[in-house]
Amino acid sequence: MSTTPSPWATIRCDRTPAWAELHQHFEGEGRQFDLRQAFAEDAQRATHFSQHAPHLLADLSKNLMSRQTEALLLRLAEQCGVLAHRDAMFAGQPVNTTEQRPVMHFLLRQPAGTGAGQPWEKELGEVHQTLDAMLAYAEQVRADPSITHVVNIGIGGSDLGPRMATRTLEAFKVPGKRFLFVSNVDGHELTSVLQGLDARKTLFLIASKTFTTAETMTNARSARRWFEAQLGEEAAALMPQRFAALTTNIQGAAEFGISTTFGFWDWVGGRYSLMSAIGLPLAISIGARHFREMLAGAHAMDQHFLHQPPAQNLPLRLGLLDVWYRNFHRFNSRHVAPYHSLMFRWGAYLQQLEMESNGKRVDREGQTLPYDTSPIIWGEPGTIGQHAYFQMLHQGTEAVPVEFVVIKEARHTLEGHHAPLLANALAQAQALMMGRSDPGGQRHFPGNRPSTFLLLERLEPASLGALIALQEHRVFVSGSVWGINSFDQWGVELGKVLAKDLEARLASGDLQGLDGSTAALLRALRA
């Protein structure tokens with residue numbers, strides 16, 4: 001893959017004519033925009049701000065923007081070169097500028113045989129070679145009744161994606177097996193997971209690209225010691241059948257005692273790696289056919305992002321809406337509210353995807369930015385949040401955009417459950433917008449609080465794949481407007497370096513060169 005410098009360059013969004021126009025527009029119409037008035041004046045508002053995309057319907061009409069707002073945002077995207085940046089990514093150019101790497105997670109779901117003449121033709125062949133081998137192994141494990149538990153040991157992207165998707169698609173899970181996840185270096189988590197397991201019936205998946213990630217390898221070594229303690233002399237013979245590694249470091253895995261490995265590539269960031277070999281626990285759970293359906297759903301959204309015109313391009317529209325809220329309305333956070341109990345890890349997954357990607361304070365040239373970037377992403381499934389923090393969403397001092405994810409058809413057969421769930425989602429979105437007047441004040445709801453409604457027909461592999469790809473590309477759009485590199489994560493590295501130093505100091509007691517607070521805390525921990 002070539003690392004020739006790309007023809008696109010950082011264009012500071014705040015120096016474009018469209019940015020100035022948006023500021024003028026915000027001070028004029030935007031700041032005082034009222035959703036209730038907008039619906040009263042525009043009978044076609046819901047139609048204009050709603051659109052179909054692969055596997056979902058998006059209703060953006062309850063957001064604080066007019067047709068003029070969106071026109072100006074689309075002009076901003078054009079002037080910032082967002083679509084040129086998108087095309088550079090899909091062409092395999094090194095859009096991860098600090099590491100001079102291409103960013104090609106879209107290849108993980110690109111159909112085989114479609115790369116002729118493309119700069120990534122070779123990489124696509126490698127993707128499908130690995131995918132076929134990984135799915136064949138997944139089917140082998142699914143058919144093996146001697147394996148009753150699968151324990152995935154990873155952290156970050158090697159945990160959040162597979163954990164979220166495996167639980168979300170639990171309705172498609174193979175019977176007779178349980179899927180457990182360990183990510184925290186806190187030994188309480190691994191101890192709790194291993195409690196009651198039978199080593200002979202447990203498969204461990206060690207997920208680490210380098211096979212050196214500190215938390216993952218600490219947990220992996222402890223799992224191996226537990227395995228050896230349970231099986232004694234049998235452990236050495238059985239270990240090749242009960243440990244597999246998702247890594248590019250084949251030698252490191254072999255030295256650990258693992259012979260079954262599935263790799264991935266430097267052009268796949270951890271938070272974008274679910275559809276690579278990192279998705280093996282999900283593949284074992286839902287099977288090869290359903291895993292491929294998830295890939296197909298994601299690919300459909302990739303094609304939508306790549307080919308739809310700007311005004312009908314859902315990832316572009318959502319990413320620009322995020323810029324409008326962050327930089328003009330100055331909203332600090334976005335609440336995600338999936339109205340499906342199995343999506344309870346959706347918020348955590350999106351936290352890493354967006355905040356690790358766009359939580360940056362400098363542009364691609366290292367210049368400090370004068371405007372805000374990533375919002376705080378948070379949330380839990382509805383209807384749980386309605387009896388907790390929705391109080392703040394409705395009557396708090398700050399407006400927080402809410403993104404509802406709602407599934408039209410339930411897979412369960414319990415009567416009297418799904419209609420109330422759907423009604424609650426609709427009601428919350430309506431109440432946020434409409435509010436309620438109360439002369440006494442205590443029961444006054446100001447209303448005019450924005451929300452987006454993403455409606456999926458069914459929660460299944462293809463629709464989840466499309467939803468994931470939608471969020472990936474949306475994050476790309478906002479990061480591109482802000483002029484930042486959404487694909488590195490240097491902020492993660494500093495803490496790792498300091499932790500390694502402090503772990504040694506915990507053992508030695510050396511306080512030399514430490515700040516007063518850290519020295520005092522270390523002294524207290526050693527006392």
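In the predicted model, the crossing of helices α9 and α10 is right-handed. Helix α9 spans residues 214-231 and helix α10 residues 235-242, and the two pack at an angle of about 135° with their axes 10 Å apart. Because of this angle, α9 is oblique to α10. On the side of α9 the contact is made by R224, F227, E228 and L231, and on the side of α10 by A235, L238, M239 and R242. Five of the residues in this contact are nonpolar and three are charged, whereas none is polar.

Two further helix pairs were examined. The axes of helix α1 (residues 17-30) and helix α4 (residues 67-80) come within 8 Å and cross at roughly 160°, and α1 and α4 are therefore roughly antiparallel to each other. Their crossing is left-handed. Helix α1 brings P17, A18, W19, E21, L22, H25 and E29 to the contact, and α4 brings Q68, T69, L72, L73, R75, L76 and Q79. By class, seven residues of the contact of α1 with α4 are nonpolar, four are polar and three are charged.

For α14 and helix α17 (residues 461-482), the axes come within 10 Å and cross at roughly 25°, an angle that makes α14 roughly parallel to α17. The crossing of α14 and α17 is right-handed. In α14, the residues W346, Y349, L350, L353, E354, S357 and N358 take part, and they meet L464, L467, I468, Q471, E472, V475, S478, G479 and W482 in α17. The contact of α14 with α17 divides into nine nonpolar, five polar and two charged residues.

Among the elements, α18 gives the most to the lining of the largest pocket, with seven residues. The lining of the largest pocket has 14 nonpolar, 15 polar and 12 charged residues.

The second largest pocket holds about 380 Å³ of space. It is lined by 22 residues, of which H340, S341, H412, H418 and L421 are the closest to its centre. By class, the lining of the second largest pocket comprises 12 nonpolar, eight polar and two charged residues.

At least two residues of the lining are supplied by each of α13 (314-327), β8 (333-339) and β10 (402-407), and α13 gives the most, with four residues. Six nonpolar, three polar and five charged residues make up the lining of the largest cavity.

The second largest cavity has a volume of about 70 Å³. Its lining is formed by L108, V127, T130, L131, M134, G263, F264, W265, M275, S276, A277 and L295. Helix α6 (residues 121-142) provides the largest share of this lining, namely four residues. By class, nine residues of the lining of the second largest cavity are nonpolar and three are polar, and none is charged, whereas the lining of the largest cavity includes five charged residues.

Terms used
Residues are numbered from 1 along each chain as its sequence is written. This is a predicted model: local features need pLDDT of at least 70, side-chain atom pairs count only at pLDDT 80 or more; totals for chains, interfaces and linings use all residues. Side-chain values use heavy atoms; hydrogens and water are left out. Axes are lines fitted to C-alpha atoms, for helices over the stretch in contact, and angles run from 0 to 180 degrees between N-to-C directions. Angles under 35 degrees count as roughly parallel, over 145 as roughly antiparallel, 65 to 115 as roughly perpendicular and the rest as oblique. A crossing is left-handed if the near helix is turned anticlockwise from the far one by less than a right angle, and right-handed if clockwise. Contact means heavy atoms within 4.5 Å. Ala, Val, Leu, Ile, Met, Phe, Trp, Tyr, Cys and Pro count as nonpolar, Asp, Glu, Lys and Arg as charged, and the others, Gly among them, as polar. On a 1 Å grid over the protein atoms alone, a cavity is a set of points where a 1.4 Å probe fits but cannot get out, and a pocket is an open set with protein on both sides within 12 Å along at least five of seven lines; lining residues have an atom within 4 Å of a point. Grid points are joined across faces, edges and corners, and a volume is the space filled by probe spheres set on the points.
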